[in-house]
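Hi,

Here is the structure I said I would pass on.

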Amino acid sequence: MEAEERKTAMSHDEMQDYWEMLCSFTGEDIPNEVNQLMAKIRYPRFLYKYRAVNNNNLDALRSNKLFFSKASSYDDPFDTFLHIDVDKIRQEFNSNYSSPEALAALANGMKETFQNQLGIPQEVIQQVTNVEGLKQLFANGITKQFLSYVLTLRSKIQDEILSICFSENGFNETLWLKYADMHKGFCLMYDLSDADSSHCGKLDKCVNCGVYKYGTRIYPVYYSNTPHDATNFAKFVMGQDMIQQLHVPLPGFMQEELKPLPWEVERNSLIKKECHKYDEEWRMLANCKMNLPRNDRVCSGWSHYWIENTSSR
């Protein structure tokens, strides 16, 4: 007789419905979209977090705090299961700047961007602000260099996402091995039904807390063998990286193309490959900007309890 599969808080069909709704959002009415999404989520009573015994984790236990991590620091290299269509970006790049008219528009945009900017070599400004200079750049292989840069956007997207990971299963043998130092660690249990144990927003210091101000929701992770298409979000991240590197605003003609995309952080963070389904993972996502890397612990909003790994005995 086969062992009965453990029942999760949300069925396969409920998870599918939740994910499809999340992917359908446009961001035109975010408060309404939030309410719709929350209505789709069925929370378990308990969430669990596996920890190894070390100074950082014991200090977090004593102070009742958790910390957000960048997706790029997780042990799964395919965390944030996303796809960037490099060929599509290459075709757009080539078509946008193949005609004399397009190059002239690009040169004018570069003039608008770099005029009166100190610290940028004049020979660089001279080359990117006239048509002949841009033609020379394309002839010298700037497209290939650009595509090499595009391949780094996956890690840049991961660096944009801050989250805290939980499981709805406190007796998962694999998670005890991976995250609790091969059964030698401990597991924290959070009772989501105990409102009295939640201190988020109740303390004086919460007044200036971005986590409390902007909301820090917990979402189930969706498992699939089809990655999320993050091509457009990659363009936005690319634009933000350009601003940071060049210390100048984007040209007007680029701002519309590289505009922010609501819900993309959630869509990129909340999908993992089907083979990780055993994690039964939930994530708390940071909804406010933090300085990276983020090593400082922040309030979790919950009291937690230490439970022993009785399943290994």
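Methionine 182 counts as exposed, because its relative accessibility is 55% and the cut-off for exposed is over 50%. Bear in mind that this is a predicted model. You'll find methionine 182 in the loop between α10 (173-179) and β6 (186-191).

Asparagine 64 is another one to check. Its phi is near 60°, again positive in a residue that is not glycine. This asparagine sits in the loop between α3 (55-63) and β2 (65-66). Is asparagine 64 buried or exposed? Buried: asparagine 64 has 17% relative accessibility, and anything under 20% counts as buried.

Then there's a helix pair. Helix α5 (residues 100-114) packs against helix α7 (residues 131-139) at an angle of about 110°, and their axes are 9 Å apart. Since 65 to 115 degrees counts as roughly perpendicular, that is how α5 runs relative to α7. On the α5 side, the contact is made by Leu103, Ala104, Leu106 and Ala107; α7 brings in Val131, Leu134, Lys135 and Phe138. Sorted by class, the contact of α5 with α7 has seven nonpolar residues, one charged and no polar ones.

Cheers

Notes: Residues are numbered from 1 along each chain as its sequence is written. This is a predicted model: local features need pLDDT of at least 70, side-chain atom pairs count only at pLDDT 80 or more; totals for chains, interfaces and linings use all residues. Side-chain values use heavy atoms; hydrogens and water are left out. Axes are lines fitted to C-alpha atoms, for helices over the stretch in contact, and angles run from 0 to 180 degrees between N-to-C directions. Helices (H or I, at least four residues) and strands (E, at least two) are DSSP runs, numbered from the N terminus. Angles under 35 degrees count as roughly parallel, over 145 as roughly antiparallel, 65 to 115 as roughly perpendicular and the rest as oblique. Contact means heavy atoms within 4.5 Å. Ala, Val, Leu, Ile, Met, Phe, Trp, Tyr, Cys and Pro count as nonpolar, Asp, Glu, Lys and Arg as charged, and the others, Gly among them, as polar. Buried means under 20% relative accessible area, exposed over 50%, partly exposed in between (1.4 Å probe, protein chains only).
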